[in-house]
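Please read the conventions together with the points they belong to.

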Amino acid sequence: MRVAWAFRLCLVWLHGQNARGSSDFALFRGWGLQRPEHGQDAHATPNPDKIFAIFTSVLLGLESTFRANNGRIIVYQKPLSLFMSRRLLILLGLAAAISLAAAHADLTSPVLAQPFPATANLGRAAQSFDLYAYINDPNVTGTAVRVTTTVGTLGTGNIDIALTDAQTPITVANFLTYINSGNFANNVIHRAVANFVIQGGGYGFFDDGTGNFSLNLVPTFPPIQNEPGISNVRGTVAMAKVGNDPNSATSQWFINTADNSSNLDFQNGGFTVFGRVIGTGMQIADIINSSTCGPYDYSSFLPDWGSIPLTANSLTIGNLVLTSMAVVPAMTYAVSSANSTLVTANLNGNILTLTPSATLTGNTNITITATDLEGFSGNLTMPVNVVASYTYDLWKGLYNFANTTVSAETADPDGDGVPNLSEYAFGGDPLHAQAVPGAPQAEAGGGITFYQRQAANLSYAVYESTDLTNWTLIWQTSNGYGNSAVTAHTLNIVPGFDSVTVNDPSGVPKPLHFWRVQISRTL
């Protein structure tokens, strides 16, 4: 049953997007108030140009200066300094209610996804490893997002979310767009329904361009296609949307604080779950959803703030639940070399690069520390052997190939179209499909440039064709670097590799031509 009431223009034109459970929620559609029944949701199209402020005594409790500005409520000035000082004070007296010490089902140490080589044999060339392929968090298979949450006067805590990139690519891309645009900074959790959901993404404090921040609607992007399929069980994160319109989700999201699968998996085309809270994040969500935070009815201030979580029954900034979001790495790493003179270890995100000495040989150890979002760490020690001549067989040993079939020169275990011998010759990684650093590149002025590994048993041959059928040999290693086809030769472009540029010395113009580099190895 729907009951509609007329209201006066002195109120507020707002929007609401909701997942509906057993609670009644008031929000505005058009110029009438609708109270959905169980299992329903509703929404009014946001129109920021039609926002009118309600000025009541409820505003007087805010700690900062309030004033009207073009129909908006200016809540505070210089928010960064205000929030930083508040957070520092909160951290000094952080309430025990937001303790992150309790156990949680998702808490796992980083796991070894695949073994490192028993010994990494390095020649004179640097080698890179994608550490996440070796040591990772099994709870995070896609993008990780941290929701930094200030729960009123209680304190701050993090709600970490593992997004389901593969299962819900449209929804994840939409969510990340809001994060990257800054629209999910300084947002308000405006709805909390016990044993159902907490909801945000509808309201926030935004700079009006003068350094003043006002409470306003979250600017939205076009609605997205619904992607149901993952069940709305406790701890999942889903998108809110318009009633009777499955493909209407924009910015509002909610966390299921109970198993809502029997309801939300089926109504309105099913609510799209696109992430899962990991680690201790549900402790924070449960506090927001508990009687500690009310909820309270401030629908007289904003119509769909009828169940807003506050840490006291006073609508002040200090009592609001505020969130800001950022994409974070699922794992962080630290590395050290026991002998940095022999081998240096450098990290770029999760890519570890080991660079051997140009003159020394010997053995050392590389220590890798991996830390997940919950702060759990694991250590691994990798022995490294630096040899004078880095053969293909030593290179194979570096990557722990599963069997002799995938370690063959012509095999392509990572499926990137580059066989093992070419990965070796140009400095690639045979087990992870990624750009090969020294792969041949056509030059704008003509010719081709590629890396040449400093290995005596490797030969490179460059061919040219105008029709992809007939190929002409232009240069090969035995011709030497003084040959007229070699237009550039740079020694040690990176450790263990030279750079060679080859072009057709005939100078005959060709409207269209192709290049290829053939690698051969002497056994």
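Phenylalanine 254 and phenylalanine 271 are both buried, where buried means under 20% relative accessible area, exposed over 50% and partly exposed in between, with a 1.4 Å probe and protein chains only. The model is a predicted one, in which local features need pLDDT of at least 70 and side-chain atom pairs count only at pLDDT 80 or more, while totals for chains, interfaces and linings use all residues. Residues are numbered from 1 along each chain as its sequence is written, and side-chain values use heavy atoms, with hydrogens and water left out.

**Aromatic pairs and charges over rings**

- The rings of phenylalanine 426 and phenylalanine 450 have their centres 6.4 Å apart and their planes at 80°, so this pair is edge-to-face; rings of Phe, Tyr and Trp (its six-membered ring) pair if their centres lie within 6.5 Å, and planes under 30 degrees apart count as stacked, over 60 as edge-to-face and the rest as tilted.
- This pair links distant parts of the chain, with phenylalanine 426 in helix H7 and phenylalanine 450 in strand E27, 24 residues apart; helices (H or I, at least four residues) and strands (E, at least two) are DSSP runs, numbered from the N terminus.
- Both phenylalanine 426 and phenylalanine 450 are buried.
- In the whole structure, a search finds 14 aromatic pairs.
- For phenylalanine 254 and phenylalanine 271, the ring centres are 5.8 Å apart and the planes stand at 75°, so the pair is edge-to-face.
- That pair also links distant parts of the chain, since phenylalanine 254 belongs to strand E18 (residues 253-256) and phenylalanine 271 to the loop between H4 and E19, 17 residues apart.
- A cluster linked by ring pairs contains Phe175, Tyr178, Phe184, Phe221 and Phe274.
- Lysine 241 lies over the face of phenylalanine 271, at 4.8 Å from the ring centre, by the criterion that NZ of Lys or CZ of Arg is within 6 Å of the ring centre and within 35 degrees of the ring normal.
- The charged end of arginine 516 sits over the ring of tryptophan 471, 4.6 Å from its centre.

**Largest pocket**

- The largest pocket has a volume of about 300 Å³, a volume being the space filled by probe spheres set on grid points that are joined across faces, edges and corners.
- Of the 20 residues that line this pocket, the closest to its centre are Ala126, Gln127, Ser128, Gly427 and Pro437; on a 1 Å grid over the protein atoms alone, a pocket is an open set of points where a 1.4 Å probe fits, with protein on both sides within 12 Å along at least five of seven lines, and lining residues have an atom within 4 Å of a point.
- At least two lining residues each come from strand E8 (127-130), strand E23 (351-356), helix H7 (420-426) and strand E27 (448-453).
- The lining divides into 11 nonpolar, six polar and three charged residues, where Ala, Val, Leu, Ile, Met, Phe, Trp, Tyr, Cys and Pro count as nonpolar, Asp, Glu, Lys and Arg as charged, and the others, Gly among them, as polar.

**Strand pairing**

- E26 and E27 run antiparallel and are joined by two bridges, and glutamine 441 stands opposite threonine 449 in E27.
- Strand E28 (residues 458-465) and strand E29 (residues 472-476) pair in the antiparallel sense over four bridges, with threonine 472 in E29 as the bridge partner of glutamate 464.
- The hairpin of E28 and E29 has six residues between the strands, and leucine 468 there takes a positive phi near 65°.

**Backbone geometry and burial**

- Glycine 294 and proline 295 are joined by a cis peptide bond with omega about -5°, and proline 295 lies in the loop between helix H5 (281-288) and strand E20 (321-328).
- Seven of the eight residues of H5 are buried.
- Asparagine 195, in the loop between strand E13 (191-193) and strand E14 (197-200), has a positive phi of about 55° although it is not a glycine, and counts as exposed at 62% relative accessibility.
- Asparagine 268 has a positive phi of about 55° although it is not a glycine, but asparagine 268 is buried, with a relative accessible area of 15%.

Technical notes
Two strands pair if DSSP finds at least two bridges between them.
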